[in-house]
Amino acid sequence: MSSTLYETLRRRVDDGTVPGAVALVARGDDVEAVAVGAADVGGSVPMTRKSIFRIASITKPIMAAAVLTLVEGGRLALDDPIAEWLPELAKPRVVRTPESPVDDVVPAARSITVEDLLTSRPGWGLPSDFSLPAAKALFEVQDHSRPLESWPDPDEWLSRLAEVPLLHQPGEAWLYGTASALQGLLAARVTGLTLPEFLAERIFEPLGMEDTGFEVPAAERDRFTWAYAPSESGDLHLTDTPDGDFSSVPRFASGGGGLVSTADDWLAFARMLLSGGGDLLSPTSVRRMTGNQLTPAQRENARLFLDGQGWGYGGQVDVDPIEPWNVPGRYGWIGGTGTTAHVIPATNTVTILLTQVAMRGPTPKRLMREFWRACA
């Protein structure tokens with residue numbers, strides 16, 4: 001496997017797709033890790049297994065697990081209305097149809113619940129059709145083209161979100177992104193902690209995830225990768241440096257995609273899931289988290305993001321073996337900065353790929369698919 005992993009990564013480093021990458025595959029106690037290329041386009045800093053990456057949306061499973069610790073501790077219940085802690089969202093309005101203008105609204109049929117957030121069905125979020133009026137309004141609030149330190153503080157962000165109508169009634173449809181950010185704000189309100197404090201207490205410290213957080217300390221920035229995005233011509237342009245956006249905790253620490261981490265830290269989280277929750281979660285919570293929660297119609301409507309597969313709490317769940325890597329029950333997600341991580345309970349396997357080149361849309365990149373195929 002190591003030679004196959006190496007060749008898969010080496011090919012895309014050599015053709016300039018990525019400056020470097022780290023791949024890790026764990027089958028039980030057997031762990032193979034490969035680091036190829038460099039942390040920067042210039043090649044001045046070699047990539048290593050300990051390199052730190054902006055992991056983007058593979059933050060989402062971590063955030064969902066942290067919320068479940070509150071459920072297990074009795075601080076939340078899955079059917080609790082989130083308005084108890086997020087009163088700004090107590091009276092959401094819903095566009096009459098998904099195509100309706102933002103001022104053609106009806107009241108929400110019921111409250112948004114904790115489980116609606118965990119399953120990404122609160123009514124807010126990105127649909128497959130970005131041109132819908134309510135989706136455009138949401139983009140104004142949830143603008144991922146801007147770094148998080150330029151977002152407003154959480155209270156102001158919630159007030160702005162409350163002005164955006166829901167695209168669907170709560171629980172009706174899977175929509176991307178907003179739910180995980182709301183999970184972080186909910187956890188902070190429930191506990192009285194900041195989200196960085198909460199995740200450190202509930203997840204990072206118990207699991208020994210020493211390099212995971214919302215900032216990279218100065219002493220560790222020699223391990224932090226540069227960040228790039230592909231241009232129309234295929235060239236890579238620099239979007240962030242090790243001394244840039246993650247030099248301090250942003251005003252808006254996002255549970256939807258704000259973390260930095262390493263392959264081994266995400267492996268520690270994955271092994272907790274494969275063990276049935278370890279000391280953090282019960283097997284029941286892990287089964288809920290890693291089991292598909294969507295109806296066939298909801299899966300189909302989310303095909304742009306999910307390729308027709310399902311969603312659990314905070315991550316995709318494979319249902320149909322469409323591709324060789326789609327093992328039913330495979331759980332995980334991809335990150336817009338060029339990251340992907342999954343657990344495969346049926347084979348006790350973890351697969352992690354970290355790169356520093358952003359995706360150009362929701363469709364997994366060629367290198368991701370090549371990596372998954374090499375692991376299948």
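I began with β10 and β11, which pair in the antiparallel sense over 2 bridges; strands (E, at least two residues) and helices (H or I, at least four) are DSSP runs numbered from the N terminus, and two strands pair if DSSP finds at least two bridges between them. V317 stands opposite Y331 in β11.

I noted the basis of the work: this is a predicted model, in which local features need pLDDT of at least 70, side-chain atom pairs count only at pLDDT 80 or more, and totals for chains, interfaces and linings use all residues. Residues are numbered from 1 along each chain as its sequence is written, and side-chain values use heavy atoms, with hydrogens and water left out.

I then followed β11 to its other partner, β12, where the antiparallel pairing runs over 5 bridges. G335 faces T339 of β12. The two strands form a hairpin with 3 residues between them, and G338 in the turn has a positive phi of about 100°.

I looked up the burial of β11: 5 of its 5 residues are buried (under 20% relative accessible area, 1.4 Å probe, protein chains only). Y331, W333 and G335 cover one side, G332 and I334 the other.

I traced the whole open sheet, in which 7 strands run in the order β2-β1-β13-β12-β11-β10-β9 with antiparallel pairing. Its edge strands are β2 (30-37) and β9 (310-311), each pairing on one side only. β9 joins β10 (residues 316-317) over 2 antiparallel bridges.

Last, I checked helix α12 (residues 366-375), which packs on the sheet and touches β1, β11, β12 and β13 (contact means heavy atoms within 4.5 Å).

Methods: Axes fitted to C-alpha atoms, helices over the stretch in contact; angles between N-to-C directions. Buried < 20%, exposed > 50% of the residue type's maximum accessible area, 1.4 Å probe, protein only.
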